[in-house]
Amino acid sequence: EYEALPEYGLVVVEDPEVGVRRRLFMRPRLKEQFMARFEARKGALEDLFSPYGRGPLFMADEFSPDCFTRYFLMGR
């Protein structure tokens with residue numbers, strides 16, 4: 001989702017865990033921070049899953065039932 005953020009402009013972001021919405025003025029440095037935090041979180045999840053022999057399932061663009069099923073039945 002962070003890839004679609006504009007370089008400049010007002011954006012509304014929502015924390016889905018608590019339902020809090022915020023308006024932010026997006027600018028290049030803030031967008032870079034979003035991207036860096038996402039990549040750090042992705043890396044942390046991969047590290048968390050690796051001892052169990054399977055990586056996390058990251059779904060982008062749209063939900064794929066086939067991809068979801070393969071992940072749980074056959075691994076990545």
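Which residues form a nonpolar patch on the surface? Select Met59, Phe63, Phe68 and Phe72: together they have about 410 Å² of accessible area (Shrake-Rupley, 1.4 Å probe, with only the protein chains shown counting as cover for residues). Patch members have over 30% relative accessible area and no salt bridge, with like charges joined within 9 Å and nonpolar side chains (Val, Leu, Ile, Met, Phe, Trp, Tyr) within 5 Å.

Before moving on: this is a predicted model, where local features need pLDDT of at least 70 and side-chain atom pairs pLDDT 80 or more, while totals for chains, interfaces and linings use all residues. Numbering runs from 1 along each chain as its sequence is written, and side-chain values use heavy atoms, leaving out hydrogens and water.

Next, pick strands S1 (residues 9–15) and S2 (residues 20–26), which pair antiparallel over seven bridges. Strands are DSSP E runs of at least two residues, helices H or I runs of at least four, numbered from the N terminus; pairing takes at least two DSSP bridges. Click valine 13 and you'll find its bridge partner, arginine 22, in S2. In the hairpin, glycine 19 has a positive phi near 75 degrees.

Now for the salt bridges (Lys or Arg side-chain nitrogen within 4 Å of an Asp or Glu carboxyl oxygen). Show lysine 31 with glutamate 7, closest N and O atoms 3.4 Å apart. Lysine 31 sits in helix H1 (residues 28–49) and glutamate 7 in the segment before S1, so the pair ties together parts 24 residues apart in sequence. Lysine 31 is buried at 11% relative accessibility (buried is under 20%, exposed over 50%, partly exposed in between; 1.4 Å probe, protein chains only).

Finish on arginine 21 and glutamate 14, another salt bridge at 3.7 Å, N to O.
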